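Hi everyone, thanks for coming.

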Amino acid sequence: MNPQRIAVTVVSGFLGAGKTTLLNRMVRRAEGSRLAVIVNDFGELNIDAAIVSEVTDAVYSLQNGCICCTVQEDLLAQLSSLAQLQPRLERIVIECSGVSDPQRIVQTLAYPQLRGQMQLDMVITVVDATAHLQLDGEYARLARAQVAAADLLLLNKTDLVDATQLQALREALGLRTRIHESVQAQLPDALWLDSDLDLQPRSLKPLVRVSSDDHGEMFSSFLWQSPQPLNVERLRGWLQALPRDVFRVKGLVLLDQGSKAHWLQHVGTRSQFLAATDEAQATGSRLVFIGRRGFAGWDALVEGLEQCQ
Amino acid sequence: MAESDNFSSTHSAQGTYADLILGNGRIYTQNPAQPWAEAVAIRGGKLVGVASLAELQGFKGPNTLVHDLQGAFCMPGLHDMHTHPDLALAPRYSDDLDVGIEDPTPEQLRASILAYAEAHPGDGWIYGQYWVRYTFREAGLTPGRAWLDSVMPDRPVALLDRMWGTMMVNSKALELAGIDRHTADPRNGYLERDELSGEPNGLMIDGAYAMIHAAMPPTPVSVLRRAYRDGVHFQSSRGVTASKYVHVCEQRLQALKELDDSGELTVRIEAAISWQDDIFPVRRRWELLSGERHYYRSARLSANAVKFHFDGTVEPKSSYLLTPWPEESSWRGKLNLTPEHITDMVVDMDSRGIRVIAHCTGDGASDVFLDAVAEARRRNGFSGVRHQCAHSTLLHPGNLPRFKELNVIAEFSPAAWYPTPFASGARSGYGQERLKRIYDFKGVLEAGGTAVMGTDWPVASIDPWLALETMVTRQNPWNDDPSCFGDPISLEQALNVITLNGAVAMGLEQSTGSLEVGKSADLIVIDRDLFAQPARNYIHQTQVLLTFVDGQLVYDRNGALADAGLKAVWTGEPPVLEGKAQ
């Protein structure tokens, strides 16, 4: 999103849902990028000592550029110091305790001290397909809070349940939330890393397919562009009504309110706007969408957007 | 007809005989010149004789009541030098909105607000708990002022969420609190805002609550009075004769005065006026500190003290330490006020005769405090006021002698200085090395300083007998786990801490804290000889039979003196204020 801010991914999920497996994948995926992963227990990650290049103050630097540390009591102070690291981090992944409501961490990220330096990118909640519906009492409430806080649900261990159970789960998880089904916590890069999405204008057409090899077979992305400013209220309404097959929208929008350019990021059902810097002002709106491959509603989306102008 | 006043002054008439003689007791006097006695004679609230029953026969007149203690153990009353019955109980007694559902849907919350409004007509605040964010997400709704305005547009509403991380308020509440898009965020929290307009959306995070609390009417005096009444009732029935209620405002002082005027303030109370507004606002702080506090003064009530929060607590690592926290390269915690603010304030309060009670959990905070007192002593000389280092969770070894040198009280609280799931978990954040010297009674006492104890209820149990036992054992009172927090002290030392040292901390060592002729009859009779068995799992089970303050029978568990015509303020079992501690 905004290139000046460090993107933060919050990983939530109940005990045993597969968070550690997911985090392990993220750590290994870090190759070449500046990624910091904050986990509950470094030992759980089971990182081969041979790839740890340096340990200072309980921060483990790995040979692939990723750094790992454990969650500290004062997360605000910990994040402030991570924001000072040079070279600058691109992304921070924070693991929530299995029995906590991620809202607490989401609220910490919005503290004024951090606001200028980092931005919540998304909350991913890993849901154990085999156990989620069996939780009860306070555990069930916590799991509900984790699901509700999520921009993306990673419905994990789907190989261990049958189709009927899967359908029951989907119904229980609600109709609004974006769900990606997985085995062994496999999360496609396209759903959590967006660094390869560029906003360069491709042609004069309002909607163009953006090809990207990394997206594999599961997702497609489109770029929409227009010189016209958008009405804020109508745009917000349009974003709230986005179909579930659209996982992300990001880019620059020209808003009619003061004709200002803003960075827009929309993940799941949550939108964030941020005033853009001066050089981004001049040109019109450019938005990139990531949706499920095979999604047939692109034309309707563009139509809706045009009605926001 | 109302009873006559009967104050004692230089030329007021003195009777010859005692009002009451307690005889045949095992009386632990806390007076080194005469450690044990068999009987005490009381006249006009004061001890006129402490000796054997035979020696006190001369005090026995025609109207003297003589009570046979039948060998019971008797000692000076207990001193709890830091506690908060108001903070523990007032929320229970306030008639706030209580939704009463673990995770209410927005629809249930709406119904609850409307029902409360109907039952409490008018335009007053609707304040209460709880809501949860996730039921809003599930319903596809956004919590905040817009939703709350749709439920209740014309009365101010403020509701806490179940995590206690967010308060949802409506537009009327924001308006009354003077909050708009120009309002800056507080240091310890923030206002959620619309990203494009900057307008607050009605969700107040963490420390931003205080901005709403400041606009709300204070907790009613009637609620505070009920909280204090139950607090002193419990304390009297557990043998406490003097206590400090650390954090008061004009409302709280009024509640204490009403209790005092009605004869129900059965504990000597030193109330400390809050310097900061972080727990509740104090609207008349400077009037109180300038002299208005004297309006509340009596033999039972004094407000010649001020309470500060110098640093934070262990859980969020905000205690201010001299060296970094475990696993941190440079984080030492937070000092809430600059050292210059602290120094100027201590010098100023000291010159006004006001005791500074400074919340210092970290060894860095107490170091700054002791430096400030040193400066006050240098500029003012010894004012006669002993300032109080509250909590004293961690003290630098080099500061142990300074408590004596600077005449500063080392108060240890909360009384959770023994291993429990709560204390072990909460305090372990300091690290094993620091944990060894946590709550260092022994260090302060050996260096000649005055150490006192505070229960700090509701942080820990308000029961002083748990505190007494565990000062001696530093072990869990309910099991046989051999592990131990810090260094134990002897029973004699602990009794001194909880009686005479408390009196020193109150500035009342001339009139209470030990059983000596001329002092007030502040004493208790209990059901066991504290020296008869090992302390563990013994002392905390002590039952108090009688409590006297100023010679007045304030508690008589079994009505033992009722037949003789002495009616106690409180009788029967102590009230149950808290669940069983772990």
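Let's begin with a definition: two strands pair if DSSP finds at least two bridges between them. Helices (H or I, at least four residues) and strands (E, at least two) are themselves DSSP runs, numbered from the N terminus. With that in hand, look at B:Asp556, which stands opposite B:Thr571 in S25(B).

Before we go on, a word on the model. It is a predicted one, where local features need pLDDT of at least 70, side-chain atom pairs count only at pLDDT 80 or more, and totals for chains, interfaces and linings use all residues. Residues are numbered from 1 along each chain as its sequence is written, while chains are lettered from A and ligands numbered from 1 in the order in which they are written.

Back to our strands. Strand S24 (residues 552-556) of chain B runs parallel to S25(B), and 2 bridges join them. They belong to an open sheet of 7 strands with mixed pairing, in the order S3-S2-S7-S22-S23-S24-S25 of chain B. Which strands are at its edges? They are strand S3 (36-37) and strand S25 (570-571) of chain B, each pairing on one side only.

Chain B also has an open sheet of 4 strands, ordered S5-S4-S1-S6, again with mixed pairing. Here the edge strands are S5 (46-51) and S6 (65-68) of chain B. From one strand to the next, the twist averages 15°. Strand S1 (residues 20-23) of chain B pairs with S6(B) in the parallel sense over 4 bridges, and B:Ile21 stands opposite B:Val66 in S6(B).

Now for helices. Helix H10 (residues 339-351) and helix H11 (residues 363-380) of chain B pack at an angle of about 45°, their axes 8 Å apart. Axes are lines fitted to C-alpha atoms, for helices over the stretch in contact, and angles run from 0 to 180 degrees between N-to-C directions.

Next, helix H16 (residues 464-473) of chain B. Buried or exposed? All 10 of its 10 residues are buried, so H16(B) is largely enclosed by the rest of the structure. A residue is buried if 20 or more other C-beta atoms lie within 10 Å of its own, exposed if 12 or fewer, and partly exposed in between, with C-beta atoms placed from the backbone. The cover includes strand S8 (78-83) and helix H17 (491-498) of chain B.

Over to chain A. A:Glu95 sits in strand S6 (residues 91-95) of chain A and is buried, with 26 other C-beta atoms within 10 Å. Its contacts, leaving out residues up to four places away in sequence, include A:Val11, A:Lys19 and A:Ile38.

Finally, where the chains meet: 24 residues from chain A and 23 residues from chain B take part in the contact. On the chain A side, the largest share, 5 residues, comes from H6(A).

Technical notes:
Two residues are in contact if their C-beta atoms, placed from the backbone, lie within 7 Å.
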